[in-house]
Amino acid sequence: MRHPFKILVCASLIVNFQLSILNSASAQTLSLDSCLALARRNNAEIRISQMDIENAREVKKQVFTKYFPQANLAALGYWAVNPIVHFGLEDIQSNDMRELLEALYNEVSVSSDVQNELSLMKKGASGSVTLTQPLYAGGRIATGNKLANLGVEAAELQSEMKERDILENIESTYYLVTGLQEKVATVTAALTLLDSLDRVVQSALANGLVTRSDALQLQLKRNEMLANQQQLASGIRLSKRLLCCQIGIDYSDSLCLIIENPSSLYPFTPTLSSGSRPEKRLLELSVEAEQLQKRLTLGESLPQLAIIGTGFYGNLIKNDPSANAVGLLSLSVPLSGWWETSHKMKQHNIRITEARIKQEHYNQMMSLEEEKAYSDMLDAAMLMQSDSTALEIAQENYRLATLNYQAGVSTLSEVLEAHALLLQAQNAITDRHTTYVVARRRLMDLRKTH
């Protein structure tokens with residue numbers, strides 16, 4: 001009986017060892033850079049924007065085919081109940097001619113099987129191929145290819161903007177999570193301080209130096225800290241779920257985010273100068289696209305010149321199949337569309353002017369946006385210095401309040417108030433750091449300095 005027991009124990013140890021390996025492997029630690037890399041590969045919106053680029057490239061390839069001859073194959077077959085063409089001697093209107101042909105037929109039909117009537121086109125089939133090579137289409141082919149090139153560039157710029165905005169949101173979510181993690185550490189440290197203070201209160205209560213009210217106040221404050229800790233845990237869990245959705249991975253409770261050293265982020269001090277933003281190029285493309293659309297409209301009213309070649313083989317008329325080929329030179333000059341085209345040209349001129357007005361307006365708005373991002377980052381950096389000073393003051397006030405309480409000079413309410421101010425100052429540092437890094441990222445995106 002001992003041998004099976006040993007086997008069971010060994011199997012249990014092996015299973016537990018494998019489970020521990022799986023649990024350690026499932027624990028995932030991510031940095032900001034790894035989150036951004038995962039988003040570039042997995043984020044659905046980024047992937048869709050990249051597919052839009054491929055779609056624009058396929059459109060460009062489609063338009064490029066217009067430079068080459070257009071080939072068309074056609075086939076025709078028919079079968080008639082009665083011949084479409086039927087002609088006999090009785091159909092001849094001239095009596096003299098009809099009598100002459102009848103006499104000739106009577107002599108020839110004796111030695112041959114010549115019929116006295118002619119039947120054509122009872123059945124037949126034919127196949128043909130047509131090649132059309134445009135020589136001049138009013139410039140519409142070249143203009144269409146230029147528009148397709150603009151479409152590819154516009155899709156690439158829009159994909160760049162989409163990726164930029166998504167990565168910016170991911171970084172904001174990332175620092176939201178790390179900020180909440182720091183607040184959890186702050187609350188944990190606050191609970192430790194309350195525990196040490198509780199020992200002082202319990203000792204004083206045992207010696208009759210304080211009342212039961214002080215102990216209850218301390219317990220109430222501890223319950224508030226525990227509730228705050230639970231709220232922070234819920235916020236971290238929801239924020240992590242959001243981050244996992246943004247970077248395209250499955251959520252796990254064991255996911256851990258690395259808290260970066262804030263001092264490594266602060267030396268960034270850019271000058272107030274505008275960079276090359278994709279939005280500016282998109283505005284330029286909108287003006288160029290309207291100008292090309294105007295040229296397309298003009299091309300519809302210009303002469304169209306093309307070479308057409310067609311070849312066919314079949315027996316549509318007579319039973320013996322035959323082949324032939326024809327070459328054509330086609331010139332088409334639209335005459336009645338100039339009136340309509342003139343109004344279309346005016347409409348395009350209005351759209352071009354409108355696009356230029358939008359370009360100027362949005363360029364000014366983007367300049368203002370960059371200036372605001374720059375000011376937000378500098379304000380956050382400067383306020384962090386004042387927050388650090390406020391934290392030092394809060395720490396000193398709490399230390400003095402604790403000493404005064406132990407000496408019987410101050411009340412517990414003053415100690416708890418000082419503790420609340422200390423916690424507020426610590427959380428302010430965390431919030432200000434998050435505000436700074438988000439503003440820094442926004443400015444870097446607008447300047448394209450990363």
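**Exercises on salt bridges**

In this predicted model, a network of salt bridges links Arg164, Asp165, Glu168, Arg277, Glu279, Glu369, Glu370 and Arg442. A search through the whole structure finds 25 salt bridges, and the exercises below look at some of them.

**Exercise 1.** Find which parts of the chain are linked by the salt bridge between arginine 442 and glutamate 168.

*Solution.* Begin with the contact itself: the closest N and O atoms of arginine 442 and glutamate 168 are 3.0 Å apart. Next, place each partner, and arginine 442 turns out to lie in helix H9 (residues 412-447), while glutamate 168 belongs to helix H5. The two residues are 274 residues apart, and the pair therefore links distant parts of the chain.

**Exercise 2.** Decide whether glutamate 168 is buried or partly exposed.

*Solution.* The relative accessibility of glutamate 168 is 13%, and buried means under 20%, so glutamate 168 counts as buried.

**Exercise 3.** Work out which helices are tied together by arginine 40 and glutamate 163.

*Solution.* The two side chains meet in a salt bridge with an N to O distance of 3.0 Å. Because arginine 40 lies in helix H2 (residues 32-42) and glutamate 163 in helix H5 (residues 140-206), the pair ties together parts that are 123 residues apart in sequence. Arginine 40 is partly exposed at 38% relative accessibility, and glutamate 163 is partly exposed at 22%.

**Exercise 4.** Determine where aspartate 376 and lysine 372 lie.

*Solution.* Their side chains meet in a salt bridge at 2.9 Å, N to O. Both residues lie in helix H8 (residues 338-406), four residues apart, which is about one turn of the helix. Aspartate 376 is partly exposed at 32% relative accessibility, whereas lysine 372 is exposed at 54%.

Notes:
Residues are numbered from 1 along each chain as its sequence is written. This is a predicted model: local features need pLDDT of at least 70, side-chain atom pairs count only at pLDDT 80 or more; totals for chains, interfaces and linings use all residues. Side-chain values use heavy atoms; hydrogens and water are left out. A salt bridge is a side-chain nitrogen of Lys or Arg within 4 Å of a carboxyl oxygen of Asp or Glu. Buried means under 20% relative accessible area, exposed over 50%, partly exposed in between (1.4 Å probe, protein chains only).
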